[in-house]
Amino acid sequence: MNKIKNILNKNNLSREDMKYIFKLEDKNQLQYLYDYAYQIKEKYVDKKVYFRGIVEFSNICEKDCYYCGIRKSNSNMDRYTMDEKEIIEAAQWAYENEYGSLVLQSGERTDNEYVEFVEELLKKIKSIGDGALGITLSLGEQSYDTYRRWYEAGAHRYLLRIETSSKRLYEKLHPSNHNFKSRFQCLQNLREIGYQVGTGVMIGLPYQKVGNMVDDVEFYRKFNIDMVGMGPYLKHMDTPLAKKVINFDEKKQLQLGLKIIALTRIVMKDINIAATTALQALNPVGRELGLKAGANVVMPNITDKKYREYYKLYENKPCIDEESKECRSCLKKRVESIGEKVGFNEWGDSPHYFKRISQKE
Ligand code: SF4
């Protein structure tokens, strides 16, 4: 027990300290780690959880990432794109149910028709409640100009996961025409335009070493990110990567997911960290465990039920049968069960972003 206490008492964790944490198995030490991260969360971002209603509006994707269930080459998947009316209805529902913020997510498309569709959509969503809803986009790699247009149309946060900070690993997870460097350039561009920038990785990947996990946390720190959406790797059987996995240990994956949340909270203190549904896919109370390890954002699915089963990036995705209103009350209860409250009607931007901006001025 003394070892973890000594490590966490330091001002800055070394690479060796982080490696120790990623390898840690002892239950008491792990609980100490999660409790320590929770205290930091309480101090810097309060015992408050922000809801971002997520609309997964299209599963059409130009890319072919080896781990993803909606990759272009997966022909076992029916494809859909919600029409504007359906998306606006979901946004209106989020507004009326006091969600404060929305996430628009889809597979990656870069054609003009799509870029314009999103731009118009953003303007219409911004008119709901006179700009009441904060909007996060999670629409992949786009040109500088596209990012700028969407920012000017009303989006103010962008989540672009790098999935791994290791070039070697990235190249094992993606076909050769996917470019590791351009993802970093996109993150730079988003920041330059003025977005609050979020990124994230998968943990527990085949070929991933402990050193890579440490590099991921170091990357968050070096890039000075405002928010993170990350989670344990989960298999989708219609993908090339899943076929490489021999022993899939759900408990270990969950534990890794919680460790990286706790470590990220300890290192980055005042950023927003999502407790992703991937945690709940591994354990019915996975998201609550994520909140107790330092996360402070959840993304309830408000996509029309009829589309949900077609947006499966991985298998056993939870909450695909619940109506939005059932998700709302279920999640509210879950948040309250751990003694926290929901930041209804608030955008819930990360304090880190405001600090970063004020230091720049
Ligand atoms: S991970 Fe994203 S970019 Fe890659 S195939 Fe899936 S939806 Fe497309």
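**Core and rings**

Author: This is a predicted model. The largest nonpolar core has 105 residues, and Leu104, Leu137, Trp150 and Tyr195 touch the most other members. Helix H10 (residues 250-268) gives the largest share of this core, 10 residues.

Reader: What does tyrosine 195 touch?

Author: Leaving out residues up to four places away in sequence, its contacts include Leu137, Tyr147, Trp150, Asp226, Tyr353 and Arg356.

Reader: How many aromatic pairs are there?

Author: The count comes to 17 aromatic pairs. In one of them, the planes of tyrosine 147 and tyrosine 195 stand at 75° with ring centres 6.5 Å apart, so the pair is edge-to-face. Tyrosine 147 is in helix H6 (residues 144-152), and tyrosine 195 is in the loop between helix H8 (180-193) and strand E5 (196-199), 48 residues apart.

Reader: Buried or exposed, those two?

Author: Tyrosine 147 and tyrosine 195 are both buried.

Reader: Which residues form an aromatic cluster?

Author: Tyr170, Phe180, Phe184, Phe219 and Phe223 form one. Arginine 191 lies over the face of phenylalanine 223, 4.4 Å from the ring centre.

Reader: And which ring does lysine 292 sit over?

Author: Tyrosine 38; the charged end of lysine 292 is 4.6 Å from the centre of that ring.

Reader: New topic. Where is threonine 239?

Author: Threonine 239 is in the loop between strand E8 (231-232) and H10. Its relative accessibility is 0%, so threonine 239 counts as buried. Among its contacts, not counting residues up to four places away in sequence, are Tyr66, Cys68 and Arg71.

Reader: Which residues does the "Radical SAM core" annotation cover?

Author: Residues 47-270, according to the unreviewed UniProt entry. That span is 41% helix and 16% strand, and its end C-alpha atoms lie 12 Å apart.

Conventions. Residues numbered from 1 in each chain as written. Predicted model: local features only at pLDDT ≥ 70, side-chain atom pairs only at ≥ 80, totals over all residues. Heavy atoms only, no water. UniProt positions renumbered as here; feature names shortened; annotations may be inferred. Helix = DSSP H or I, 4+ residues; strand = E, 2+ residues; numbered from the N terminus. Core = buried A, V, L, I, M, F, W, Y, C linked by side-chain atoms within 4.5 Å. Buried < 20%, exposed > 50% of the residue type's maximum accessible area, 1.4 Å probe, protein only. Contact = heavy atoms within 4.5 Å. Phe/Tyr/Trp six-rings, centres within 6.5 Å; stacked < 30°, edge-to-face > 60°. Lys NZ or Arg CZ within 6 Å of the ring centre and 35° of its normal.
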